[in-house]
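I opened a new notebook page for this structure. The entries follow in the order in which I looked things up.

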Amino acid sequence: MKKDLRSMTREELSREINHMDMPNYRGNQIFEWVNKGVSFEEMTNLSKEMRKQLSESFTLSFAEIRKKQVSKDGTEKFLFQLPDGKMVESVLMRYKHGASICISTQIGCAMGCSFCASGLDGLDRNLSAGEMLSQILSVTKEINQRIANVVLMGSGEPLQNLKEVVKLLNIVNDEKGLNISMRHITISTCGLVPQIYELADLKLPVNLAISLHAASDTIRRSIMPIALKFSIADTLKACDYYIDKTNRRITFEYALIPGLNDHEEEIRTLAGHLRNKLCHVNFIPVNPVNELFSHSKKRDYRELIEILKKHKIPATIRRELGADIDAACGQLKQQVKYKD
């Protein structure tokens with residue numbers, strides 16, 4: 001099989017080019033083209049012979065936009081089809097500080113969290129670094145605007161695909177590529193404890209978001225199968241290690257599920273867990289998912305923020321974006337699957 005140039009770091013690509021007896025500077029040129037999302041034919045500062053040689057030896061992964069939905073709040077949801085026919089999703093969010101894209105790292109998900117649509121069909125396969133990068137490049141081309149922030153919080157568990165995720169980080173951070181600062185990249189995990197330690201040891205200054213969603217193991221186990229393997233104490237110990245190694249603040253994601261984890265006693269327990277940690281809590285009113293949960297309408301959650309504030313723990317309620325366009329992970333893919 002041909003190797004995918006979009007899945008290569010600049011160093012890896014340069015080694016491949018050297019094996020083809022091309023001069024070293026061509027490696028940088030080709031890497032820049034690869035990260036502009038163009039075809040081989042569009043690499044116009046290369047000779048026709050070089051372009052032919054590249055197309056015969058390599059491939060360029062791509063993500064074709066199959067469907068796009070635009071929310072009244074400006075959020076855009078993209079459903080992509082990959083060359084093998086598999087589909088993945090990304091969400092574009094616009095903020096004052098720039099455009100942010102939430103990308104998928106796997107096709108499907110094996111984690112089985114009960115409030116998330118991306119795991120309804122289980123895990124199909126991991127995405128390559130090039131397939132993840134292609135989501136960013138396709139959206140960049142579609143909106144004709146630079147992506148400022150990348151969030152690995154779409155379908156899939158990023159830390160289950162850690163090797164390709166780390167490769168993606170190095171590719172998008174490269175000054176000859178998208179040149180996106182590591183500090184503008186967020187990795188979300190449901191809590192794969194060994195991989196949190198592994199990521200911490202790399203000392204990459206990326207943002208880490210932990211899907212906690214409960215303060216007691218009993219509740220967490222009822223909605224997150226990973227909690228059967230790793231307790232909250234295990235997860236928080238790994239988080240302490242990550243903070244110590246990177247000096248980066250951790251965000252704890254907390255999906256508010258009506259009647260289950262959104263009561264004051266649970267939040268007081270959460271405050272006890274997180275006191276004196278370098279962290280932030282992001283409360284998320286769950287998006288409605290037909291197969292899973294309905295929305296908690298009109299509930300004012302500010303009293304929960306006040307509980308954390310008393311313990312000097314910063315917290316916010318995530319602004320609800322894209323609820324009218326199936327913006328939650330896996331929703332658009334499910335919708336299209338059942339229509340086709």
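Entry 1. Which side chain of opposite charge is nearest to Arg248, and how far away is it? I began with the ground rules: this is a predicted model, local features need pLDDT of at least 70, side-chain atom pairs count only at pLDDT 80 or more, and totals for chains, interfaces and linings use all residues. Residues are numbered from 1 along each chain as its sequence is written, and side-chain values use heavy atoms, with hydrogens and water left out.

I found that the nearest side chain of opposite charge to Arg248 is Glu253, 13 Å away. Lys and Arg count as positive and Asp and Glu as negative, while His and the chain ends are not counted. Arg248 has no salt bridge (a side-chain nitrogen of Lys or Arg within 4 Å of a carboxyl oxygen of Asp or Glu).

Entry 2. I placed Arg248 in the loop between H8 and strand E12 (250-256). Helices (H or I, at least four residues) and strands (E, at least two) are DSSP runs, numbered from the N terminus. Beyond four places in sequence, I listed the contacts of Arg248 (heavy atoms within 4.5 Å); among them are Arg183, Tyr242 and Leu278.

Entry 3. I turned to helix H6 (residues 193-202), where Val193, Ile196, Leu199 and Ala200 are buried. Down the axis of H6 these buried residues fall within an arc of 115°, so they line one face of the helix; the arc is that of the directions from the helix axis to the C-beta atoms. They pack against H5, strand E10 (185-189), strand E11 (207-211) and helix H8 (232-246). Lys203 follows H6 and has a positive phi, near 55°.

Entry 4. I checked strand E4 (residues 76-81) and found five of its six residues buried. Strand E3 (residues 64-70) pairs with E4 in the antiparallel sense over six bridges (pairing needs at least two DSSP bridges), and Lys68 stands opposite Phe78. E4 is also antiparallel to strand E5 (residues 87-95), joined by six bridges; there Leu79 has Glu89 as its bridge partner.

Terms used:
Buried means under 20% relative accessible area, exposed over 50%, partly exposed in between (1.4 Å probe, protein chains only).
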